[in-house]
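Colleague: I am new to this structure. Please take a close look at the aromatic side chains and their surroundings.

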Amino acid sequence: MKTPDFPPDEAHRLSALDELALLDTPPEERFDRLTRLAARTLDAPIALVSLVDSNRQWFKSRHGLDAPETARDVSFCGHAILREEPLIIENALNDERFHDNPLVTGTPNIRFYAGAPLHDRHGHRVGTLCVIDRKPRSFANEDKAMLRDLANLVEREFVLGEMRDYYDERNRALNVLTEIAMDSEGDTDKRATRALEIACDYLGLETGIVSRVTDQAYTVHWHYTPEKGILANGTTVPLDRTYCSLLVSTGGQVLAIEHMAESPYNNHRCYEIFRLESYLAAPIWIDGEIFGTVNFSSRHPRNRAFSATEKMFVTLFADWIADTLYRIQHTETLNKLVTQVPGMLYQYRLWPDGHSSFPYTSPAIQDIYGAAAEEAAVDASKLIAKVHPDDLAGLRESIQQSADSLTQWQHRYRVRLKTGGWSWIEGLAQPEALPDGSILWHGYITNVDERQKIDEMKDQFISTVSHELRTPLTSISGALELILGGATGPVGDKTGQMLRIAQRNSSQLRHLIDDLLDIERLVSGNAAMEPSFQRLDDAVEAAVEEIQPMARNRDIELQLTVTTPDLHASFDNSRLTQALTNLLSNAIKFSPEGGVVEVRLSQAGTQARLEVTDQGPGVPDSFRNRIFQKFAQANSTSSRTKEGTGLGLAITRELMQAMGGDVGFDSEEGRGACFWISLPLAKPGAK
């Protein structure tokens, strides 16, 4: 009897056999079907799918034979895998290799054998499809071809099984990664440790570490190991005492070592110290640089190579760790910045059912509301309850308006202090509509108590001064008018010139006082309004006619276009005229000599829109945010060339808001400006 030799690629062949993952598995119909077909087609009592292991041949499928395996040294298949062509033994008693083989001299009394080698997808011969008979027989070329065809079908099942196992393994890996990513219990340290434990269990390795590599130092950032006291977060060792030095030196590729003792790295210092036999690691990349590594290790060697799926797993796991660390770093940076910001940064969410919360608030919530961020994140009602009763309705209305129109929210109101008093705060936020129908605002709230007191003092001062100045100024203006009219006798040219200058300046001062009184009444809510339903085109034509003298003095042409006639709205006629006159006077002042100011009345949805467009220099970018503020002027220096109090646009805004309308502008610096006012439309005859 001749014992079969080992193929030259025996180590790779055995590794390929392990990769098939078929040894010692239960019978499968997909293989049993083929052995039955082989036995029937080739008229043989025995047919086998045989896998040749290191010291045995094991039958994945057997037809007509009870034994599940035999020793490799007496196997016929051990000889068959040494060649590509099928091995045909027509009479084993006449073959010196087998005539005294115990499988020939005893059960199952083999006389005839025909075996075709079976290959894995890489071409390694891992076993055979063979047919056996207990009597000698011949085997024609057609039979050999049929045996090869059937063997090809077995190999096809190998590939399909590998593909199925491959995708099953991929799905399992992705499911594990999903489990890790979806875990939200506990803080980041606990989640990271739990993730390493889950990953170790999946890979079948003992220890998992997330490391931080800086220069030549290796620091344990997070870790998991079942043995207590072996590792500690924050432990730092020289990089060259770790396998991670190998990964870093290769430029950050995945490093997989199944058996360190048999690898080229068996003289590494880490192996000498820790005797870690298996190791799998991937780099952690943050902002284009290696932060450190994710590495898994065990003191036991692996009996098979790390698969492509396992390498993919550790790479994706490293990406998840990188995202986690990136968020931590940026959160820490944001928190440092937030602590330096005056006031409170926040997110406020309003659900369709009306309940609300603050998903995020900076630590300054304690200073603003005297409440904890955790409490506000669940329910905002306790914070809203701290708002002054007189301000609550206005606050809720401003929030609802911002939610309905998805426009910027800005409001000033009072909240109760811990000491029992009240403090003025002001908020500004931008709304965002969410898919579930809720609205999320992003913004800030700051304490404006001192500013409010200063504003109140300033308004009171302006109101007092305005009232005190109005009476003597009226007397001065009247006296000048009488003198210039000749009531006191003839006036000389030089005296008349000086009196006219005084009259012009007193008139300008009277306009300033009127504007100051108007803005004071509007802001305080004391301005008289007598709205009624009227035609807008009549009011617009009257305002344009009223401003014509000013336009003619500056050689400016006013062009009125009514694109939608017979528009009705509810407004105070004199107040609308005042608002429109403010826009027209600004357009005339800033238009070049001989220029044109276009006035257009049109319908825009449910709104009437009145636009005033000039050919002036436009609104500077630096001035846009404060253009409707009191006393705001693009050039507020003493050298400005345009007269004005800086109150016209502020008054216009207050007037339009008081009548339920709005005001705004569109402008490109250097290309003119278009200021507009709008009012809700109403049907004629509405009450």
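Modeller: F76 and F98 are both buried, where buried means under 20% relative accessible area, exposed means over 50%, and partly exposed lies in between (1.4 Å probe, protein chains only). Rings of Phe, Tyr and Trp (its six-membered ring) pair if their centres lie within 6.5 Å; planes under 30 degrees apart count as stacked, over 60 as edge-to-face and the rest as tilted. The F76 and F98 pair is stacked because the ring centres are 4.1 Å apart and the planes meet at 10 degrees. F76 is in the loop between β3 (69–71) and α3 (77–80), and F98 is in the loop between β4 (87–89) and α4 (102–105), so the pair ties together parts 22 residues apart in sequence. Helices (H or I, at least four residues) and strands (E, at least two) are DSSP runs, numbered from the N terminus.

This is a predicted model, in which local features need pLDDT of at least 70, side-chain atom pairs count only at pLDDT 80 or more, and totals for chains, interfaces and linings use all residues. Residues are numbered from 1 along each chain as its sequence is written, and side-chain values use heavy atoms, with hydrogens and water left out. The predictor's confidence in each residue, pLDDT, runs from 0 to 100; the protein has a mean of 85, with 90% of its residues at 70 or more.

A cluster of rings joins Y202, F296, F313, F317 and W320 through ring pairs. Two other rings have a charge over them, which requires NZ of Lys or CZ of Arg within 6 Å of the ring centre and within 35 degrees of the ring normal. R137 places its charged end over F112, 4.9 Å from the ring centre, and R275 lies over the face of Y271 at 4.1 Å from the ring centre.

The largest has 41 residues, and L536, L576 and F675 touch the most other members. A second, separate core of 33 residues includes F291 and F317, along with A173 and L177. Leaving aside residues up to four places away in sequence, F675 has contacts (heavy atoms within 4.5 Å) with residues including L583, L610, F628 and F665.

How values were computed
A nonpolar core is a set of buried Ala, Val, Leu, Ile, Met, Phe, Trp, Tyr and Cys residues joined through side-chain atoms within 4.5 Å.
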